[in-house]
Amino acid sequence: MVTSQPFEEELESVGLTDWDAFLDRVWALDIGDAKSVRAALDEGQQYIADAFRHGESITRLVRARCEVVDAVLVHAWRELVATDSACLVAVGGYGRNELLPQSDIDLLVLYQHNQLDTVGPALEGFFTYLWDLGLEIGHSVRSPAECAELAADDITIMTNLMESRVLVGDPALFARMRATTSAEHVWSSADFFNAKVKEQAARHERYDETAYKLEPNVKESPGGLRDIQTIAWVAKRQFAAHTLDGLVDYGFLSRREFSELHRGQAFLWRVRFALHMLTGRNENRLLFDHQIQIAQLLGYHDAENTLAVERFMQRYYRNIKALSALNDVLLQLFSEAILHATDDERPRPINDRFQARHGFIEATHDKVFVETPGALLEIFYLMETRPGLSGIRARTLRLLRRDRRLIDDNFRNSIHCRRLFTEILRQRSGVTRALRRMNRYGILGRYLPKFGQIIGRMQYDLFHTLTVDEHTLFVIRNMRRLAIPRFNDELPFASELMQGLNKPQILYIAGLMHDIAKGRGGDHSELGAEDAREFCQAHGISSDDTELVCWLVRRHLLMSMTAQRRDINDVQVVNEFAREVGSRERLDRLFLLTICDIRATNPDLWNSWKESLLTDLYNNTRRALERGLDDPLDRDELIAETRSAAAAMLTRAGVNTPHFKNLWARFDPEYFLRHSPDEIARQTKAIITHGDDKNPLVSITDIPEQGTTLFVYTQDRDYLFGVTTGVLAQLGLSVLDARINTTSDDYTLDTYVIAEGDGHPIRDAYRRSEVESALVAAIADPAVESIDVTRRQGRRNQYFNVPTQIYFTQATERDCTVMEIMTADRPGLLSIIGDVFHRCGILLETAKIATIGERAEDVFFITDRQQMAIRDDDVLRELRDVMTAELDQSDS
């Protein structure tokens, strides 16, 4: 019977009831009948897969695969090799008796010295036979002496040899190999431990020190199976503990911790097993493509406000979090036992509860947290205020994990505990590390139960690349980096603002609370503001600061939405935003929160263009606030200021004043609102220098503070927007912004902000020349009405069904209609939209382009051919119908 509940625990054996009889049949096979042997291997795989679906213990299943392979290999060896001069050894995962459906089968053939020529021909036939069976074999052939020599130089080889068992052949050879590679001869326990810790650190660094990403690696990411194996390897080298439960006998694991470690390993095995079944290969990446199927395979179902895949992934992330904490405990215990076994360094007292030893903080006795529960927070405060402390000693970490259950309502209501938590947020250094450790060791989620609800929570889309709790801690980490002068070169302007803030902890609290209500249903910003108010009032935050925190949480999306979806060059938009913000204090903090939030949501979202958008909105709003809300910015005044500044730049550059003034006379006044003075000066000079109004001018400029800007000046023509964006898409470029202006004599001045597909600016001069040439050729050819974009959609995107949604509103700031399109992102999307605009007689003024993971959420400011807003409902309805049909068809 198929299980209907998620596999949270190991189950009783229910799916291998006839397994022994099957194995007997395998042992009885005629090795010479390769077809029958292959059929038996396939039958075994199917047998194990069926047992998996019926809830068989995963521990039993990984052993079962080994049993089938053992039978075939031993049988084949005896038939095809049959020598006393060699021995067949299983190494690596196979040596541990752990094989998943598509795991590699790693073998070592040990041979007696000077006997390789004798056994060589038989071995060649043996391995050829195994490959013909379709087995994924990795093998090496060595003498015991060669094993020792190679192991001495390579920790990976040494590790493989440690995880070995004899399958068939001369056991004396195996014993000799184990003796020559023992800790007495190569890789002492201390050297082996140091090498494995260094190896793990390098591996974690490759995964950015976090497994809380959209597509974690079940085996290699922090908290994955490799971390468990690292513990086992060190234990085996130091204590000859061949299984993890042996660590209980040595006192390095409590029974409770062993149970937690065993359950965690079993869960990861089950996930990896499902990956192998679904992909038919040795796949360890939990790719987006497979997450829904695995959630279903493991028995997860949709719940209120949470998809089955989100429930599964939350279980996955919480599992690796617990395993990471256990990994910390055990490696520190090993360090003390292996590296400091004879060290009698006297501890340095810190207070009655804590002391320091070897740079780590430790409790003075085993009942510290029981007698003084507030010490569960105090220990993190002490590490912040004493930079010499690099971590928590393993024994104390074990006590902390044991006694964290003491964090209850009485603990949370304690004035002392609340003050300690507030002090942790107020420190000038160590805030991020403290919060990360508190989350890693299960303290933060217990102290803030609503934060506990978002631990491991993911959103099944391509926009949010981290779990909600990890994202939140990255937001605070980004804030902290802005506060530290040595990181000033990353974001100089934001750093200057951050370092000038009074009470930066107010911003940290807003960062901690901004997403705390995710997944509860309703507006998470509004619900989060309520949680923030409760927190602030409980922690003695003043009423003014409380209101500021609540406003920041409630409106934390305001600035990004305004910058990305509104025309921020329009003075009415800026004035409206300034009235919403209301004060410089709010503006500064909202700007910083927005930057830190975007950078922590998805690394691909942040670029110099995004930074320039937010900075421009900030500067324009600050100016509006300084003028006073009763004296809003004036459109004509801004146009005059921009023209004057651009004229001064052109004059300094030696451009003849009558030339550029005559040119400007043809420009729409809106052009001077949508472009900065330096842009206007640069484009004006390019047009005058080009001097050829019959052929298109295409110019690409890389501007450090803004990104890559594309400028097109040409006679207006049909399909221009669609052709331009089509060429860019075919070349693998993304459009981040589009501003379309026309002159009084039917020329167009189009400005695009573009980037490479990975979001980076176009730095290479040859690449810029390639893009310019392709655009000139397409724009100059009147026969080109569309571009066939042949670039394929990204792998991840195809797993999402994003129906097209289109909304219209009338712009209050100028005479145009705002068209919002939400649809599946794909190459050539803007070209398709531009083609529909032309066919429907629509003119485009400005486009705000935003890609939210798998979704495109683009805003277009459009008019009819008379450059008037479109107010006829029938016209808008037809436009929506045509656009929807075109986009949904192109996505299918």
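Trainee: Before we start, what should I know about the model and the numbering?
Mentor: The model is predicted, so local features need pLDDT of at least 70 and side-chain atom pairs count only at pLDDT 80 or more, while totals for chains, interfaces and linings use all residues. Residues are numbered from 1 along each chain as its sequence is written, and side-chain values use heavy atoms, with hydrogens and water left out.

Trainee: Okay, helix α36. Is it mostly covered or mostly open?
Mentor: Mostly covered: ten of the eleven residues in α36, which spans 720–730, are buried. Buried means under 20% relative accessible area, exposed over 50%, and partly exposed in between, with a 1.4 Å probe and protein chains only. Helices here are DSSP runs of H or I with at least four residues, strands are runs of E with at least two, and both are numbered from the N terminus.

Trainee: Which residues of α36 are buried?
Mentor: L720, F721, G722, V723, T724, T725, G726, V727, L728 and A729.

Trainee: And what covers them?
Mentor: The cover includes β10 (707–715), β11 (733–742), β12 (747–756), α37 (765–780), α38 (829–839) and β15 (843–848). Just after α36, G732 takes a positive phi of about 80 degrees.

Trainee: Switching to rings. How many aromatic pairs are there in the whole structure?
Mentor: A search finds 25. Rings of Phe, Tyr and Trp (its six-membered ring) pair if their centres lie within 6.5 Å; planes under 30 degrees apart are stacked, over 60 edge-to-face, and the rest tilted. Take F493 and Y618: their ring centres are 5.4 Å apart and their planes meet at 70 degrees, so this pair is edge-to-face.

Trainee: Where do F493 and Y618 lie?
Mentor: F493 is in helix α24 (residues 492–499) and Y618 in helix α31 (residues 608–627), so the pair ties together parts that are 125 residues apart in sequence. F493 counts as partly exposed at 25% relative accessibility, whereas Y618 is buried at 0%.

Trainee: Which rings make up a cluster?
Mentor: F660, W664, F667, Y671 and F672, linked by ring pairs. F672 also has the charged end of R643 over its ring, 4.8 Å from the centre. A charge sits over a ring if NZ of Lys or CZ of Arg is within 6 Å of the ring centre and within 35 degrees of the ring normal.

Trainee: What lies over the face of F267?
Mentor: R315, at 4.7 Å from the ring centre.

Trainee: New topic: what touches E705?
Mentor: Leaving aside neighbours within four places in sequence, E705 is in contact (heavy atoms within 4.5 Å) with S608, S612 and D678. E705 is in the loop between β9 (697–703) and β10.

Trainee: Last one: how do helices α28 and α30 cross?
Mentor: The axes of α28 (residues 558–565) and α30 (residues 584–601) come within 8 Å and cross at roughly 75 degrees. Axes are lines fitted to C-alpha atoms, for helices over the stretch in contact, with angles from 0 to 180 degrees between N-to-C directions. So α28 and α30 are roughly perpendicular to each other; angles under 35 degrees count as roughly parallel, over 145 as roughly antiparallel, 65 to 115 as roughly perpendicular and the rest as oblique.
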